[in-house]
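Reader: Could you walk me through one part of this model in some detail? I'd like to follow it from the record down to individual side chains.

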Amino acid sequence: MSHDVVEVVLRAVCVLAAFLVLPLVVGQTEHKVMAHMQGRLGPMYPGGFHGWAQLVADGVKFAQKEDIVPIAADKRVFRLAPALGIVAYLLALAVIPLDAHVFGANVDDGLIWAIAVTGIGTVGTLMAGWSSGNKYALIGAMRSAAQLLSYELPLILSCASFAIAAGSLSLVGIAHAWTPWWLLWQLPGAIVFLVAATAELQRVPFDAPVADSEVVMGPYTEYTGLRFAFFLLAEYAGIVVMSLLLAVLYLGGWTGPFDGYLGWLWTLLKGFLFALIIIWMRVSWPRLREDQLQRVAWLGLVPLALLQLAITAVGVVLTA
Amino acid sequence: MSRPDQHKHGLVPGLVKGMATTARTMTSHAHTQEYPDVKPELPPRSRGVIALLAENCTSCMLCARECPDWCIYIDSHKETIPAGPEGGRDRQQNVLDRFAIDFSLCMYCGICIEVCPFDALFWSPEFEYAETDIRDMLHEKDRLGEWMATVPPPPATDPGAQ
């Protein structure tokens, strides 16, 4: 009995550590990759070696800032909103397996759990925008909600395709059912997932809800200090969650050479690959206009996801 | 909604082209000069600071009067040079008491340097003279004179110049 409790606590601590470290790794990668893609060097001084401690220094700076709550704000909701995004992605990270036995919690329907809780993060954004008592924040939150509604559907449809192909809703089960054949067979689904995940994370080119040049960071306009940092952490944790999820769903997770003892590393590397693509898109592409953004979802992604679903169903029936 | 000429280039090629451009930039060297560690190589005509060659100054005040934001302060007095033993008359000469430029006001237009008839003012590329107290930005005659050592020789004329 006590043995079980120790294991649960240990797994929870490991998930928390991963949740605090992996987003910083992605963030630092974004600093450096984006800089070099723009012909710059990026941070060079903090920590001594190529500015590795830049985000730690940023964290210290955020912690020192004054925590301001506007008079017009709905104060309790305003204070609560950043926590929602963080907790949502923490709960999602807990069920993503890095290896057949390396996970925070083994949920039988892990895929449904992960998709369900990541949606909650957007509720945090919506709460932030509504409670700020600020027009920019409200417009940003409305855009964010509209974006979630349009992109959640193709995201779930592409996930359904992976689940049907594997005949399982468990993330471990899906990764075990993976074969190299999936790289071609599930490619449209993976593209739909990647685009829809980028949109749900409100990353470029789908960053209209937080567009700084249009709505001044949208729902985050009124936030300062640690609460603002929590929103940023949630964004990068979201990249980590979505990248790892796609790595497990589409690239077979820990499948690879020496996966007997290096499986977790393969999952992390594959996830890192998708995180790099998300960063790369941010550097290369301009922002979509609000109506173009809805167009991509309803006229592009949803039909493509439905097509993928049909292909998967036919494939499963034929090979069964 | 969309104009017909937008359909000439498809959506996907443009996006791919963008990603190729950023990838190419990432593999080439960054343009950044790491300033405090690596000093920049500035061209000789850089407008860093204004140097004063006090011997050439006749206190004519042209620079101070032309200065758009009045940041040049000049004090001088006249001294009489007695006539020589062969007769003639006493002559008078301006002596420069104070020449100061307030770099907290200066807008680096260089009009004072252009207008000086006796080549007493020069541009120097030196730029590291920030101060924590704004009053220290007022450079007096001796400090302006110290900048003379940093004035580069004038650049050679272009080939074919007349």
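Which residues of chain A does the UniProt annotation "transmembrane region" cover?

Author: Happy to! According to the unreviewed UniProt entry, the "transmembrane region" annotation covers residues 6-27, 77-98, 110-130, 151-175, 181-199, 228-251, 263-284 and 296-318 of chain A; such annotations may be inferred rather than shown by experiment. This is a predicted model, with local features needing pLDDT of at least 70 and side-chain atom pairs pLDDT 80 or more, while totals for chains, interfaces and linings use all residues. Residues are numbered from 1 along each chain as its sequence is written, chains are lettered from A and ligands numbered from 1 in written order, and side-chain values use heavy atoms, without hydrogens or water.

Take two of the annotated spans. Residues 296-318 of chain A are 100% helix and 0% strand, with end C-alpha atoms 32 Å apart. For residues 151-175 of chain A, the ends lie 24 Å apart, with 84% helix and 0% strand. Helices here are DSSP runs (H or I, at least four residues), and strands are E runs of at least two.

Now for the packing. Beyond its neighbours within four places in sequence, A:Trp182 is in contact (heavy atoms within 4.5 Å) with residues including A:Phe162, A:Ile174, A:Leu187, A:Leu249 and A:Tyr250.
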